[in-house]
Amino acid sequence: MSKRHVTTSVNGDSVEFLCSTEQTLLDVLRDELFLTGSKEGCGSGDCGACSVMLDGRLVCACLVLGVEANGREVETIEGMSDGEKLHPLQQKFLEHAALQCGICTPGILVAAKALLEKNPDPTETEVRYWLAGNLCRCTGYDKIVRAVLDAAAAMRGASAKPAAASSVQMQSA
Amino acid sequence: MDYQTPTNAEEAAALLSQDGAHALAGGTDLLVKLRAGAVTPRVVVDLKRVPRLRGIEHDAKGWRIGAATTCAEIGEHAALASAWPGVVEALQLIGSTQIQGRATLGGNLCNASPAADSVPALIAAGAKCEVAGTKGQREVPVEQIVTGPGRNALKPGEFILGFRLPEPPGRSGDAYLRLIPRTEMDIAVVGAGVSLTLDDQGVCTHARVALGAVAATPLLVEAAARALVGTRVDDDALEALAAAASAACKPIDDKRGTVAYRVKVAGVLAKRAARMAFERATG
């Protein structure tokens, strides 16, 4: 079967690629577009290491055909930082040492970002349930959950009005 | 493998009537089977670009859910969740956040797992499928779709366009409960869906009870529903419902549960789901 020509948007950039119909979106991201941040863990939608956003929805790239991306919008871990400036979630994962081997980390960051866009002030339980499809065999999850909660707090602080922010500082001083 | 994206139902039916055609909705089951080599379609027909398969509508006849609407979209629909909380809660139990973003109601039904969470809830709710094919459309009750593990009643070229749920009458409620040995990310050992309607005196006038994971197909248990109708859903009625639910089970022994355990739990869950549906009907 000849390859298909697919036009899509990845991290805001218009992208064209050729792929076979058997290739998953994860195969395409890694092997055709060389965006290797998304990882393959299980290949069956159980581990979440390949989490990406497809038209604003969190999905496992291993459960999407590459050809399905035609005309749609894909966001991956590669689009998360602003150049060299880390996203608050990335920064907090470093501060909390919320990773060890790092295989699950890109997927967890993408999933956590999706959560905070939907719910800027999640409870610990909400974070744990939202991330139930992201397996981590190193950390035991506690540091990940704490990093997400801390990032959420930092992002709420940063988006609060300057007056409110300064009153918080005065109270704590 | 060919890949096609029809944009209307006629085109989709024509493509699906070819030899070796396989429908693709959310892909959360199909892509796993493709990878495992369990299916080797000649052509995959992606139904998501058929507009009638997407979205949730409310009209004088009740609710319509496009068959390729994702669980995430349905879960965010507050008015539907208020009308049919059991159905919406059931489909939100399917998989992770990532799976919810892709998995569809039509896919959960047509994949024909005996343990599919949305199916007993849909059966209990009296949901009907709009089945489209090359010869037009027919309406089929959800309980008639699954014919065995991995098998469904759709003919070549047929697919589910959408689901119809009635507008629940006043003093109605529904609920779905499943047992898994953890809190998330597992397949039902037993699932039980109940919907019921009460009259002004609090007497049950209509009920439907359905079970999952206790037979080769999801079961509509009419004897369990009869145990509720004409009662005030009191303890005696609930015990009779539980006994009828357990009696209807024809489960298998597997790693998730033994026959005896599933039979017992089916009664317990049916009772709890009926109590929850009753509370919703009176609340």
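Two residues count as in contact here if their C-beta atoms, placed from the backbone, lie within 7 Å. This is a predicted model, where local features need pLDDT of at least 70, side-chain atom pairs count only at pLDDT 80 or more, and totals for chains, interfaces and linings use all residues. Residues are numbered from 1 along each chain as its sequence is written, while chains are lettered from A and ligands numbered from 1 in the order in which they are written.

**View 1. L241(B) and its neighbours in the largest nonpolar core.** L241(B) touches V209(B), A224(B), A227(B), L228(B), A270(B), K271(B) and A274(B), leaving aside residues up to four places away in sequence. The core itself has 152 residues, and L241(B), A245(B) and A270(B) have the most contacts inside it. Its largest share, nine residues, is supplied by helix α11 (residues 259-282) of chain B. A nonpolar core means a set of buried Ala, Val, Leu, Ile, Met, Phe, Trp, Tyr and Cys residues joined through C-beta atoms within 7 Å. Buried means 20 or more other C-beta atoms within 10 Å of a residue's own, exposed means 12 or fewer, and partly exposed is in between.

View 2. Next after α1(A) comes F34(A), with a positive phi near 55°. Helices (H or I, at least four residues) and strands (E, at least two) are DSSP runs, numbered from the N terminus.

**View 3. The open five-stranded sheet of chain A.** The order is β2-β1-β5-β3-β4, with mixed pairing; strands pair if DSSP finds at least two bridges between them. β2 and β4 are the edge strands, each pairing on one side only. β3(A) and β5 (residues 73-75) run antiparallel over two bridges, and L54(A) stands opposite V74(A). Helix α3 (residues 105-118) lies across β3 and β4, at about 40° to β3(A); axes are lines fitted to C-alpha atoms, for helices over the stretch in contact, with angles from 0 to 180 degrees between N-to-C directions.

View 4. D55(A) is partly exposed, with 13 other C-beta atoms within 10 Å.
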